[in-house]
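Good morning, everyone. Please bring up the model on your screens, and keep the sequence beside it.

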Amino acid sequence: QKITGVGLRYLKDADLEKIGIKYLGDRLQILHSLRKLWQIEAEPNKVFNDPIHGHVELHPLLIKIIDTPQFQRLRNLKQLGGPTLFFLEHPTTALNTRLG
């Protein structure tokens, strides 16, 4: 039996046991993570104003990923290396590149 997106909301402990997750701790952790994901979806999308594309809506889960320290460290990584010393008006960072 395949479990798809909407079916994840109604997933129970017995279903996880049936698909082969035998340890109770693992099953509870999966169920807890799924509940948290559904709570995030209930939050409203965040809207950003982009000078080229206009208003851009981002899902709350994307905002949480962008706000992690691992993602934010890209802000200080320069993509161009040496040319950034000469072209100060064009700050190309790894964060700018990843966000598109």
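I will go from the overall layout to the hairpin, the salt bridge and a surface patch.

A word on ground rules. This is a predicted model, where local features need pLDDT of at least 70, side-chain atom pairs count only at pLDDT 80 or more, and totals for chains, interfaces and linings use all residues. Residues are numbered from 1 along each chain as its sequence is written, and side-chain values use heavy atoms, with hydrogens and water left out.

Confidence comes next. pLDDT is the predictor's own confidence in each residue, on a scale from 0 to 100. The protein chain has a mean pLDDT of 77. In the chain, 68% of residues reach 70 or more. Where is confidence lowest, and where is it highest? It is lowest in helix H5, residues 94-99, with a mean of 61. It is highest in H1, at 88. Where pLDDT is low, the predicted coordinates should not be read in detail.

Now the layout. The protein chain has five helices and two strands. These are DSSP runs numbered from the N terminus: helices are H or I with at least four residues, strands are E with at least two. Starting at the N terminus, the order is α-α-β-β-α-α-α.

How much of the chain is buried? Of its 100 residues, 17% are buried. Buried means under 20% relative accessible area, exposed means over 50%, and partly exposed lies in between (1.4 Å probe, protein chains only). The accessible surface of the chain is about 8300 Å². Carbon and sulfur atoms account for 59% of that surface. Accessible areas come from the Shrake-Rupley method with a 1.4 Å probe; for residues, only the protein chains shown count as cover.

On to the strands. E1, residues 46-50, runs antiparallel to E2, and five bridges join them. Two strands pair if DSSP finds at least two bridges between them. E1 and E2 make a hairpin, with three residues between them. Aspartate 50 sits opposite glycine 54 in E2.

Stay in E2, which covers residues 54-58 and includes histidine 55. Is histidine 55 buried or exposed? It counts as exposed, because its relative accessibility is 64%. Leaving out residues up to four places away in sequence, histidine 55 touches Val47, Phe48 and Asn49. Contact here means heavy atoms within 4.5 Å.

Next, the salt bridge. The structure has one. The term means a side-chain nitrogen of Lys or Arg within 4 Å of a carboxyl oxygen of Asp or Glu. Which residues form it? Arginine 27 pairs with aspartate 13, and their closest N and O atoms are 2.5 Å apart. Arginine 27 is in helix H2 (residues 24-42) and aspartate 13 in helix H1 (residues 13-18), so the pair ties together parts 14 residues apart in sequence. Arginine 27 is buried, at 6% relative accessible area. Aspartate 13 is partly exposed, at 27%. Beyond four places in sequence, the residues that arginine 27 touches include Leu16, Glu17 and Ile21.

Last stop: the surface patch. Leu37, Leu61, Leu62 and Ile65 form a nonpolar patch, with about 320 Å² of accessible area together. Patch residues have over 30% relative accessible area and no salt bridge; like charges are joined within 9 Å, nonpolar side chains (Val, Leu, Ile, Met, Phe, Trp, Tyr) within 5 Å. Which helix gives the most? Helix H3, residues 60-66, does, with three residues. Leucine 61 is in H3, and it counts as partly exposed at 32% relative accessibility.
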